[in-house]
Amino acid sequence: MLGWCILTCGNGLKDTNETCDDNNTLSEDGCSSICEVETGYTCSSDFPSVCTTKCSDGIVAGAEECDDGNLLEDDGCSSECKN
């Protein structure tokens, strides 16, 4: 009898073909509907994956209002990526 592995995006377990799995299949939360890390996010390898944005990477993502690629104040975008 052969065993079958079913790889399922959205089950909270990062399978070999996935770069993240945050226990859902919604996009725009850091981990896409096909379980790939979205631009501007980093995701942990926890089960399920926890995805966050990185202020100062120059990419506006998630709740960021702006991201000018630095953490300087008073240059149009704060160190917390707020206008």
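Five disulfides are found in this structure, which is a predicted model. Counting bonded cysteines along the protein chain, the disulfides follow the pattern 1-4, 2-3, 5-6, 7-10, 8-9. Here is a friendly tour of three of these links, followed by a look at one serine.

**Cys-9 and Cys-35**
- The sulfur atoms of Cys-9 and Cys-35 are joined in a disulfide, with an S to S distance of 2.1 Å.
- This pair links distant parts of the chain, 26 residues apart, with both Cys-9 and Cys-35 in the segment before strand 1.
- The torsion about the S-S bond is about 95°, so this disulfide is right-handed.
- Cys-9 is partly exposed at a relative accessible area of 23%, whereas Cys-35 is buried at 0%.

**Cys-55 and Cys-81**
- Cys-55 is joined to Cys-81 at an S to S distance of 2.0 Å.
- Cys-55 and Cys-81 both lie in the segment after strand 2, and the pair links distant parts of the chain, 26 residues apart.
- With a torsion of about 100° about its S-S bond, the disulfide is right-handed.
- Both Cys-55 and Cys-81 are buried.

**Cys-66 and Cys-77**
- A disulfide with an S to S distance of 2.0 Å joins Cys-66 to Cys-77.
- Both cysteines lie in the segment after strand 2, so the pair ties together parts 11 residues apart in sequence.
- The link of Cys-66 and Cys-77 is right-handed, with 95° about the S-S bond.
- Cys-66 counts as buried at 10% relative accessibility, and Cys-77 counts as buried at 4%.

**Ser-49**
- Ser-49 sits in the loop between strand 1 (41-43) and strand 2 (51-53).
- Ser-49 is buried, with a relative accessible area of 5%.
- Beyond its neighbours within four places in sequence, Ser-49 is in contact with Cys-20, Asp-21, Asp-22, Cys-43 and Ser-44.

How values were computed. Residues are numbered from 1 along each chain as its sequence is written. This is a predicted model: local features need pLDDT of at least 70, side-chain atom pairs count only at pLDDT 80 or more; totals for chains, interfaces and linings use all residues. Side-chain values use heavy atoms; hydrogens and water are left out. Helices (H or I, at least four residues) and strands (E, at least two) are DSSP runs, numbered from the N terminus. Buried means under 20% relative accessible area, exposed over 50%, partly exposed in between (1.4 Å probe, protein chains only). Contact means heavy atoms within 4.5 Å. A disulfide is a pair of cysteine sulfur atoms within 2.5 Å.
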